[in-house]
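Dear colleague,

I am passing on the structure below, together with notes on how its elements are arranged.

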Amino acid sequence: MSHPAKTSTTPKLEPAIIVIFGITGDLSARYLLPSLYHLIKDSLLHEQTEILGITRGDTTTEELFQKVELCVNEIDKVCDPDALAAMHEHTQMFQMDLDDAKAYEKLRQKLDAIEEQKGVCMNRLYYLSIPPQAYLSVIKLLGSADLNDSCQHNKASTRLLVEKPFGFDTASAQGLINETSKVFDEGQVFRIDHYVAKETVQNILVFRFNNPIFEALWDKDHIASIDIAAYGKIGIEGRALFYEPLGALRDLIQSHLLQILAIITMDQPDVLDSEHIHAAKQAALDKVQPVPADQVSELAVRGQYEGYRDEVKNPNSTTETYASITVYIDSPRWQGVPINISTGKALNERKTEVTVTFHNPPDPNSNRLRFRIQPNEGIELDLVTKKPGYVQELQTTAMDFTYLNDFARDGHPSAYERVLVDAVRGDHTLFATSEEVLASWRVVQPVLDVWSKQSDDLLAYKQGSGGPV
């Protein structure tokens with residue numbers, strides 16, 4: 001790959017073959033391929049890195065790139081011709097039936113041939129950009145063809161990248177983890193949570209632990225409540241097959257938003273490295289109390305936007321497109337502090353943010369700290385100030401830091417760019433461990449159980465509204 005010289009801040013990456021199962025799918029087109037293009041443009045991938053797209057059909061590389069907008073992450077949306085040429089040169093397609101064991105033998109031969117041609121041992125990354133229900137079959141067949149092992153020279157790593165949801169409930173998640181562990185060890189598995197890879201989420205840890213003025217206030221004595229919200233203006237966008245069996249609680253709260261909760265409430269680790277951060281997150285999640293079954297009606301709300309049933313062609317659908325739960329943490333630090341987690345589609349605003357409200361009677365609207373994850377990424381602190389004039393008149397004023405203003409020249413990688421780079425270099429910091437996944441399922445499982453037995457609490461709401469009342 002010929003592209004600009006690397007900078008001193010560029011992570012050092014080894015040669016890799018990035019194998020994308022489902023390369024013609026929506027996730028690949030919207031996120032993976034544009035991110036890979038951008039990494040090539042910015043010289044963040046090793047020059048011998050190859051992309052191998054797995055597809056059931058006979059799609060060619062040319063046909064693939066005709067359907068994909070590679071440069072959506074560019075400010076002007078215009079591709080760099082050298083980077084575009086490099087992307088085409090280092091992308092190959094491989095047609096195979098994902099249920100055919102013999103096809104995986106041919107895949108192994110293909111990977112060996114790429115390494116033979118390059119004359120170098122390469123890390124192998126299997127990115128499962130396919131429906132979650134197909135994970136286990138593909139994982140088992142990878143193992144049966146010895147594709148879970150390192151390259152033919154036995155000097156590189158093989159890694160498995162999987163998107164959420166990790167299971168459908170606690171039992172299925174445990175089963176998926178058990179079966180996967182028979183093929184790939186925990187160090188090889190990278191469970192993707194692109195929300196955690198967003199710069200603002202990563203900045204929460206730095207903001208907390210490198211600014212003692214806030215960490216000293218980070219407990220029940222100073223914080224009245226925490227709100228974690230992920231709202232979208234659009235509906236399911238034709239993703240009925242994916243969304244209908246899933247719903248909002250599984251889609252975002254169990255995975256992304258409980259990971260953010262762990263980052264917000266975890267104790268400071270001795271060292272800010274992958275091992276210690278995961279240990280601190282695990283300790284935080286273990287202390288989150290599952291919503292009691294007899295309090296689901298009080299602590300959980302679900303809704304469905306009008307028109308959803310027509311989209312999924314199921315007039316009796318009880319799948320929630322809006323979900324909200326309130327949880328508490330059983331620890332001296334957070335005892336009694338309500339943590340409200342909510343998400344919804346087809347609402348009147350698009351935002352993902354964390355709001356920390358401090359105790360400040362008698363004015364509950366002041367002294368709030370917001371981490372804006374998207375859009376307009378930044379951190380905002382509401383403080384009480386005096387209005388100019390001769391009388392003592394107070395108002396709430398926002399002190400605002402935004403990425404766009406402070407980092408405009410340098411920019412920052414997209415979440416999927418960071419995910420890909422960290423997976424290539426084997427950094428687990430931004431990926432959920434199996435125990436974190438199970439701890440998150442345990443929190444929401446009582447709600448899922450109650451909701452599966454009744455539907456009279458499913459509230460309808462209009463598209464473009466603030467959600468169910």
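Two strands are taken to pair if DSSP finds at least two bridges between them, and the elements themselves are DSSP runs numbered from the N terminus, with helices (H or I) of at least four residues and strands (E) of at least two. Please bear in mind that this is a predicted model, in which local features need pLDDT of at least 70 and side-chain atom pairs count only at pLDDT 80 or more, whereas totals for chains, interfaces and linings use all residues. Residues are numbered from 1 along each chain as its sequence is written, and side-chain values use heavy atoms, with hydrogens and water left out.

On the overall form, the chain holds 16 helices and 16 strands, and its C-alpha trace spans about 75 × 55 × 40 Å along the principal axes. The radius of gyration, taken over C-alpha atoms, is 23 Å, which agrees with the value near 23 Å for a compact globule of 469 residues; the globule rule used is 2.2 Å times the number of residues to the power 0.38.

Strand S8 (residues 300-305) is joined to S16 by 4 bridges in the parallel sense, with Ala 460 in S16 as the bridge partner of Gln 304.

For the helix pairs, axes are lines fitted to C-alpha atoms (for helices over the stretch in contact), and angles run from 0 to 180 degrees between N-to-C directions. Angles under 35 degrees count as roughly parallel, over 145 as roughly antiparallel, 65 to 115 as roughly perpendicular and the rest as oblique. Contact means heavy atoms within 4.5 Å.

The axes of H1 (residues 26-41) and H15 (residues 415-425) come within 9 Å and cross at roughly 65°, which makes H1 roughly perpendicular to H15. The residues that meet include Leu 27, Tyr 31 and Leu 32 in H1, and Tyr 416 and Leu 420 in H15.

Helices H4 (residues 101-118) and H5 (residues 135-144) pack at an angle of about 60° with their axes 9 Å apart, and are therefore oblique to each other. Here Ala 101, Tyr 104 and Glu 105 of H4 meet Val 138, Leu 141, Leu 142 and Ser 144 of H5.

The axes of H6 (residues 170-181) and H16 (residues 434-453) come within 9 Å and cross at roughly 165°, which makes H6 roughly antiparallel to H16. Among the residues making this contact are Ala 173 and Ile 177 of H6, with Val 437, Leu 438 and Trp 441 of H16.
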